[in-house]
Amino acid sequence: MTREEIIRRFVCAPSRVAVVGASPKPERPVNGVMEYLKGKGFSLFPVNPAYAGRDIHGVPCVGSLEDVPRPVDVVALFVSAEQQEDVLAALVRLPFKPVVWMQPGAENAEAERNLRAQDYDVVSGECLMAVSKARCMS
C-alpha cells in the first residue's frame, strides 16, 4: 500500500489504532495525539505495561499488543527504537498485519527494513495528528 493510500484509508477516515507507549500524563505528546484522534472518531487501544489496567482517555490500557481485544488497522509506535524489541516481537505474532506507524522519535531503520521484508506497510517519522491536520478535511 502506498503512503497516500495509508493516509486516505487510515488517517483521513477513523480507524482502529493501537497506541504503543500510551500515557495518561497530559504533558506527554502521545496524550495529545490520542485526544485529537479520539475527537476525530478513531477507536484507540492504549498499550503500555506501566499503565496496564488503567483507563487512558476512557479506554482500558493493556500491557502488550497481544492483549489488544480486537484487530487494529494501525500500530502507532510512541516508543524509542531501544524500547521496541518486545513490541516488535509481539507485532509479528499477531494473526493480522496492521500498518506500522513510527512517530517522530520512534524511527527505527533496521526494524522498518525487517517489517517491510515481511510485507508490513510502514510509515516512519511522521506524526499521525500532524498528517491528519495537514491532509484531511475536518
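Reader: How many aromatic pairs does the count give?

Author: The count comes to zero aromatic pairs, where rings of Phe, Tyr and Trp (its six-membered ring) pair if their centres lie within 6.5 Å, and planes under 30 degrees apart count as stacked, over 60 as edge-to-face and the rest as tilted. This is a predicted model, in which local features need pLDDT of at least 70 and side-chain atom pairs count only at pLDDT 80 or more, while totals for chains, interfaces and linings use all residues. Residues are numbered from 1 along each chain as its sequence is written, and side-chain values use heavy atoms, with hydrogens and water left out.

Reader: What is the order of the elements along the protein chain?

Author: From the N terminus on, the elements run α-β-α-β-β-β-β-α-β-α-β-α, with five helices and seven strands in the protein chain. Helices (H or I, at least four residues) and strands (E, at least two) are DSSP runs, numbered from the N terminus.

Reader: Why does the radius of gyration of the protein chain agree with that of a compact globule?

Author: For 138 residues a compact globule would have a radius near 14 Å, and the protein chain has 14 Å, so the two agree. The radius is taken over C-alpha atoms, and the globule rule is 2.2 Å times the number of residues to the power 0.38. The C-alpha atoms fill a box of roughly 35 × 35 × 25 Å, taken along the principal axes.

Reader: Why is Asp 86 called exposed?

Author: Asp 86, in helix H3 (residues 85-93), has a relative accessible area of 63%. Buried means under 20% relative accessible area, exposed over 50%, and partly exposed in between (1.4 Å probe, protein chains only), so with 63% Asp 86 is exposed.

Reader: Why does Asp 73 count as buried?

Author: Asp 73 has 19% relative accessibility, a value under the limit for buried, and therefore counts as buried. Its place is the loop between strand E4 (59-60) and strand E5 (74-77). Not counting residues up to four places away in sequence, Asp 73 touches Phe 10, Ser 15, Arg 16, Pro 98 and Val 99, where contact means heavy atoms within 4.5 Å.

Reader: Where is His 57 found, and what makes it partly exposed?

Author: His 57 is found in the loop between E3 and E4, and its relative accessible area of 23% lies between the two cut-offs, so it is partly exposed. Its phi is near 55°, a positive value in a residue other than glycine. Asp 119, in the loop between helix H4 (109-117) and strand E7 (122-124), likewise has a positive phi in a residue other than glycine, near 70°; with a relative accessible area of 62%, however, Asp 119 is exposed.

Reader: Why is Asn 31 called buried?

Author: Asn 31 has a relative accessible area of 8%, which is under the limit, so the word buried applies. Asn 31 lies in helix H2, where Val 30, Val 33, Met 34, Tyr 36 and Leu 37 are buried as well. Leaving aside neighbours within four places in sequence, Asn 31 is in contact with Ser 23, Pro 24, Lys 25, Pro 26 and His 57. Asn 31 and His 57 are 26 residues apart in sequence and 8.4 Å apart in space, C-alpha to C-alpha.

Reader: Which residues of the largest nonpolar core touch the most other members?

Author: Among the 27 residues of this core, they are Val 17, Val 19 and Trp 101. A nonpolar core is a set of buried Ala, Val, Leu, Ile, Met, Phe, Trp, Tyr and Cys residues joined through side-chain atoms within 4.5 Å. Two or more residues come from each of helix H1 (3-11), strand E1 (16-20), helix H2 (29-39), E5, strand E6 (99-102) and helix H5 (128-135), and H2 gives the most, with five residues. Apart from this core lies another, of 23 residues, among them Ala 18, Val 72, Val 87 and Ala 106. The buried residues of H2 pack against E1, strand E2 (43-47), strand E3 (55-56) and H5.
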